[in-house]
Amino acid sequence: MTAGALGTEADGSAPERVDPGSWLLLCRSVRFGDTDAAGVMHFHQLLGWCHEAYEESLERFGIAAAEVFPRPGHTPAVALPIVHCQADFLAPMACGDPLAIKLDPRRIDPGCFELSYTFHRGKPSDGQPVARGLSRHLAIKSASRARCPLPDPIVRWLEASAASGAILSPSEAC
């Protein structure tokens, strides 16, 4: 599918046929470079993984990175800086561990949203989470830095995510 293909029905809503698990459940493995001298995931990696999961979720939904994030020669009209973040570590994660990252986006007000991230070793149905993260984003005009409403593509992503009830497909495949 091409970027922008999802979340672009005639009324601007996400297509019914799209499985929210395709953009709300992401997978990765702990790599050797992610670990510390004790052989477990180094604490600073978790928030980076949260942001990567957010970016990948947008892309899988059909929102091109260029629509949301600055790049050389282009600054989107609306920036979405993180104004709050947190992380909780519930169990060690070691090199080779497969991780499923479940995202739960939630709109707070017309110009703010947050994402909760739950990390599971293997599938979410396999047991207790090993970590949790949270990031809160505020919409501001890039030029003036004044608060503003969220951009339409983000609103569609949030609405489609909320409509899914964050219920993932039974396979929860990673």
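The side chains of D97 and R121 are joined by a polar contact of 3.0 Å. This comes from a predicted model. The model contains an open sheet of five strands, ordered β1-β4-β5-β6-β3 with antiparallel pairing.

**D97**
- D97 sits in the loop between β3 and β4.
- The residue counts as buried because its relative accessibility is 14%, and the cut-off for buried is under 20%.
- Besides the contact with R121, the D97 side chain reaches the backbone nitrogen of A94 at 2.8 Å.
- Leaving out residues up to four places away in sequence, D97 touches R28, S29, V30, P92 and R121.

**V30**
- V30 belongs to the loop between β1 and α2.
- With a relative accessible area of 1%, V30 is buried.
- V30 and C95 are 65 residues apart in sequence, yet their C-alpha atoms are 4.9 Å apart in space.
- Beyond neighbours within four places in sequence, the contacts of V30 are T35, W49, M93, A94, C95, G96, D97 and L99.

- Strand β4 (residues 98-109) and strand β5 (residues 112-121) run antiparallel and are joined by 10 bridges.
- D109 has C112, in β5, as its bridge partner.

**Helices on the sheet**
- Helix α2 (residues 45-61) packs on the sheet and touches β1, β3, β4, β5 and β6 (131-138).
- The direction of α2 makes about 110 degrees with that of β5.
- Helix α4 (residues 152-164) also packs on the sheet, where it touches β4 and β5.
- The direction of α4 makes about 110 degrees with that of β4.
- From first C-alpha to last, the 13 residues of α4 reach 18 Å, close to the 18 Å expected at 1.5 Å a residue.
- P153, I154, V155, W157, L158, A160, S161 and S164 are the buried residues of α4.
- The cover over these buried residues includes α1 (21-24), α2, α3 (65-68), β4 and β5.

**H84**
- A polar contact of 3.1 Å links the side chain of H84 to that of Q86.
- Not counting residues up to four places away in sequence, H84 touches L134, S135 and R136.
- H84 and H137 are separated by 53 residues in sequence and by 7.4 Å in space, C-alpha to C-alpha.

Notes:
Residues numbered from 1 in each chain as written. Predicted model: local features only at pLDDT ≥ 70, side-chain atom pairs only at ≥ 80, totals over all residues. Heavy atoms only, no water. Contact = heavy atoms within 4.5 Å. Polar contact = N/O pair within 3.5 Å; in protein donor to acceptor, adjacent residues only side chain to side chain. Pairing = 2+ DSSP bridges. Helix = DSSP H or I, 4+ residues; strand = E, 2+ residues; numbered from the N terminus. Axes fitted to C-alpha atoms, helices over the stretch in contact; angles between N-to-C directions. Expected span 1.5 Å × (residues − 1). Buried < 20%, exposed > 50% of the residue type's maximum accessible area, 1.4 Å probe, protein only.
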